[in-house]
Amino acid sequence: MSPPAPRDVTGRASTGRPHRRFLLGGMALLTLAGIVVGVVEPRGASEPAVAPPVPPALAPALAPAGGPPAGAGAGAAMLPAAAPQGLADAAAPVDAGSLPELPGVAPPVAAPVLAPAADESADESAEEGAAGPQAPALLGWPFSASGTLALGAPQARTVAGLVSAYAERVELAERTRVKAVKTWKVGKPPLRAPAPPREKPKLKTEPGHISGKGLPPVITQVPTKDKVVFLTIDDGAEKDPELLRMMRELDIPYSSFLTDYVSRDDYGYFRTMREEGARIQNHSVNHKEMPRLSLAEQRKEICTQQDVLEKEIGERPTMFRPPYGAYNRDTLKAAAECDVDVVPLWTAEAFADRMEWGRGDGKLYPGDIILTHFRGKGQWAGSMPDMVRLVVKTATEQGFAIARLEDYV
Ligand SMILES: [Zn+2]
């Protein structure tokens, strides 16, 4: 079965003025060309990419002694949550003239310039680790040698139409997002992630973790210089529709690691999530501590959930995150046997009311993986939107964009 198409960033036609649309189209393409040649960098990309190691006290447990590591599953006092407001008018038109300047704005995906109606093509090329959605041919096309748009020929008019349509989509997506920034009270617009890397970084098991031939690498962050971090949400118990709306309106990528026994009452929720652009990964059937199980039992926990998610979501996960971050060599062996390529742990954990920092310095570093959970107001001090708000604000304040883990891993 083919995977569901990622979300369409606009989904409706614009009534924009032709000249302006065309101009915007050219600007969008220039922005894209800038990304292709590396002119446009994520903000502050020159900052040091080397992060201090995660101290063992906050690192995920290799072999747990008496339960999950600090923070994993910790409850919190109930506090009244700030309910999101203005949902009904979230899609109301915004005067484009009043739009603030958006930092780091780039086309959500580059491929639609060539094929505006086929977001899926960009997605697939990213998955395959191919040349990436930014085709080199775009550098010289549709521009003339002087750098101006070459118009006149029928082909060029078609190109102009494509560029114009693409610009409309970008414009509308950005207007929706600016509106969403107010709706969800995230302060500034979240920074846009740069175009996905043409080649995914080569992953190596990080020091202090178990490695071996044929075993999937265990990582807590992705080796990249891009100022991006990744949001990963575990378990699946809380199925808050507000989370879906918030992520859709703010256009924030994320990955969900699902445990079957808390997700199975409504896989439809996660199918919708996938259709709207999130990715679904494996977090076992019963959320057991893997090192307490035999190899055969671990295989059952991991591989059964691979099959369940493939059937329910329509694509087989490529990543497995062990519950509590606890694993041993058998875990990696079992995971390798059922098509798991990577075992991502984390460097920081987000709650509804606070961040817990694996390195203790309160800072994000390029490629950091942020862990959080699907939890309701009764389980932590706020709502899912409260948690996302905190993560988005933290990332934006520190100059980071939230990127899609699967674009890099
Ligand atoms: Zn979990």
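**Ground rules.** I number residues from 1 along each chain as its sequence is written. Because the model is predicted, I take local features at pLDDT of at least 70 and side-chain atom pairs only at pLDDT 80 or more, while totals for chains, interfaces and linings use all residues.

**Overview.** I looked up the secondary structure and found 10 helices and 9 strands, where helices (H or I, at least four residues) and strands (E, at least two) are DSSP runs numbered from the N terminus. Of the 409 residues in the chain, 43% are buried; a residue is buried if 20 or more other C-beta atoms, placed from the backbone, lie within 10 Å of its own, exposed if 12 or fewer, and partly exposed in between. Among contacts between residues at least 6 apart in sequence, 79% join residues at least 24 apart, a contact being two C-beta atoms, placed from the backbone, within 7 Å.

**Helix α7.** I then listed its buried residues, which are Gln 298, Glu 301, Ile 302, Gln 305, Gln 306, Leu 309 and Ile 313. Viewed down the axis of α7 they fall within an arc of 120°, so they line one face of the helix, the arc being that of the directions from the helix axis to the C-beta atoms. After α7 comes Gly 314, with a positive phi near 100°.

**α7 against α8.** I found these two helices packed at an angle of about 45°, with axes 9 Å apart; axes are lines fitted to C-alpha atoms, for helices over the stretch in contact, and angles run from 0 to 180 degrees between N-to-C directions. The pair α7 and α8 is therefore oblique. Residues of α7 at this meeting include Leu 295, Arg 299 and Cys 303, and those of α8 include Asp 330, Lys 333 and Glu 337.

**Helix α6.** The buried residues of α6 are Tyr 267, Phe 270, Met 273 and Arg 274. They fall within an arc of 110° seen down the axis of α6, so they line one face of that helix. Among the elements covering them are α4, β3 and α7. Gly 277 follows α6 and has a positive phi near 120°.

Most residues other than glycine have a negative phi. I noted Asp 251, in the loop between α4 (241-250) and β3, with a phi near 60°; Asp 251 counts as buried because it has 20 C-beta neighbours inside 10 Å. The C-alpha atom of Asp 251 is separated by 8.6 Å from that of Ala 173, 78 residues apart along the chain, and Ala 173 belongs to helix α3 (residues 154-183). I also noted Asp 339, in the loop between α8 and β5 (343-344), with a positive phi of about 75°; Asp 339 is partly exposed, with 16 other C-beta atoms within 10 Å.

Conventions
Parallel < 35°, antiparallel > 145°, perpendicular 65-115°, else oblique.
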